[in-house]
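Hi,

Here is the structure I promised to pass on. Have a look at it first, and my notes on what turned up follow below.

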Amino acid sequence: LRGSRSARHSNEALVAVLRGVLAEHGLTVDAAQLLPSEDRSSVTHLIQARGLVDVVIPRGGAGLIQAVVENAKVPAIETGTGNCHLYIHGDADLDEAIELLLNGKTRRCSVCNATETVLIDSALGEAAVERVISALREAGVTIHGDRKGLVPADDVDWGEEYLSLDIALKVVDGVDEAIEHIARWSSGHTEAISTRSLDVADRFCARVDAAAVMVNASTAWTDGEMFGFGAEIGISTQKLHARGPMGLEELTSTKWIANGKGHVRP
């Protein structure tokens, strides 16, 4: 483990617990180690230690993740940022959709599975759009968008992982425009749809490229604990070898052993 200087004492306590458990079971305590955090050189040494490190998993902000992915000389699993969208379809249960939206945005706004953009189908009508806006404002959320009365939005907002009580809002003409918007701006983490149409849900799931797709569920559900993995290692936004929430299984590899009786290949 190599953590930040601000979390040094916490990391020391965590590693002490891990080493204690290893000792209790007669295992090598050095299987769990804490690298120095006084300067950034230890990060460089770690991510370039070919032959010593099997895989590195960066957890943190977009800058750290990008730096590790670009400079690592050992395999890295990208636990990417979460620009997560909720698309409210034209036949959605609006009360349920608003509940999903508020849970995804306000439950914990500083985590990667928080909802950062809401796309509202124009078929719902102006009154529905105003209901969504009012619900967000009542929850203390600042809304960025291209509608009058909102904080003006530009390309930065559509691609932003706010990690705060801010959200981008856009009205779209149907599921196809919603999918196109997501395809352009998604970080590949989690995308969600609120709809009562099975056909629309199936089309959304098939065409959206993300590690997790939620149908009538909050983006906050993308979590190793909620998926039954126990302790979560991270949420991978790449496609190989692991994608989505990762547990211990994703830290394992394969070794093939063949027992023959003089077998030769023809």
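The protein splits into domain 1 (5–79 + 229–251) and domain 2 (84–225), with the bounds coming from an automatic or database domain assignment. Before the details, some housekeeping: this is a predicted model, where local features need pLDDT of at least 70 and side-chain atom pairs count only at pLDDT 80 or more, while totals for chains, interfaces and linings use all residues. Residues are numbered from 1 along each chain as its sequence is written, and side-chain values use heavy atoms, with hydrogens and water left out.

**Where the domains meet**

Taken over C-alpha atoms, the centres of domain 1 and domain 2 are 31 Å apart. Ten residues of domain 1 are in contact with eleven residues of domain 2, contact meaning heavy atoms within 4.5 Å. How much area do domain 1 and domain 2 bury between them? About 790 Å², with 54% of it on carbon and sulfur atoms; buried area here is the accessible area (1.4 Å probe) that two parts lose on being put together, summed over both. On the domain 1 side, Ile 235, Thr 237 and Arg 243 supply 52% of the area buried against domain 2, more than any other three residues.

The interface has polar links too. Four residue pairs between domain 1 and domain 2 are in polar contact, both residues being at pLDDT 80 or more. For that term, a pair of N or O atoms must lie within 3.5 Å; within protein, one must be able to donate a hydrogen and the other to accept it, and residues adjacent in sequence count only if both atoms are side-chain atoms. The rule also finds two salt bridges across the interface of domain 1 and domain 2 (a side-chain nitrogen of Lys or Arg within 4 Å of a carboxyl oxygen of Asp or Glu). Strand E8 (234–236) and strand E9 (244–246) each supply at least two residues of the side of domain 1 that touches domain 2. Strands (E, at least two residues) and helices (H or I, at least four) are DSSP runs, numbered from the N terminus.

**Salt bridges**

Over the whole structure, the search gives twelve salt bridges. In one of them, Lys 239 pairs with Asp 209, the closest N and O atoms being 3.0 Å apart. Lys 239 sits in the loop between E8 and E9, and Asp 209 in the loop between H8 and strand E7 (212–215), so this pair ties together parts that are 30 residues apart in sequence. Lys 239 is exposed, at 52% relative accessible area, whereas Asp 209 is partly exposed at 44%. (Cut-offs: buried is under 20% relative accessible area, exposed over 50%, partly exposed in between, with a 1.4 Å probe and protein chains only.) There is also a network: salt bridges that share partners join Glu 126, Glu 130 and Arg 147.

Asp 95 and Arg 131 meet in another salt bridge, at 2.5 Å, N to O. With Asp 95 in helix H4 (residues 94–106) and Arg 131 in helix H5 (residues 126–138), the pair ties together parts that are 36 residues apart in sequence. Arg 131 is partly exposed, at 40% relative accessibility.

Arg 8 and Glu 12 form a salt bridge at 3.8 Å, N to O. They are separated by about one helical turn because they lie four residues apart in helix H1 (residues 8–24). Arg 8 is partly exposed at 34%, and Glu 12 is partly exposed at 37%.

**Aromatic pairs**

The structure holds two aromatic pairs (ring centres of Phe, Tyr or Trp, the latter by its six-membered ring, within 6.5 Å; planes under 30 degrees apart are stacked, over 60 edge-to-face, the rest tilted). Tyr 87 and Phe 204 are stacked, at 6.2 Å centre to centre and 20° between the planes. That pair links distant parts of the chain, 117 residues apart: Tyr 87 is in strand E1 (residues 84–88) and Phe 204 in helix H8 (residues 198–207). Are Tyr 87 and Phe 204 buried or exposed? Tyr 87 and Phe 204 are both buried.

The rings of Phe 227 and Phe 229 have centres 6.1 Å apart and planes at 85°, so that pair is edge-to-face. Phe 227 is partly exposed at 36% relative accessibility, and Phe 229 is partly exposed, also with 36%.

**A buried threonine**

Finally, take a look at Thr 115, in strand E2 (residues 115–121). Thr 115 is buried, with a relative accessible area of 0%. Its side chain makes a polar contact of 2.8 Å with the side chain of Thr 219. Not counting residues up to four places away in sequence, Thr 115 touches several residues, including Cys 84, Leu 101 and Ile 167.

Cheers
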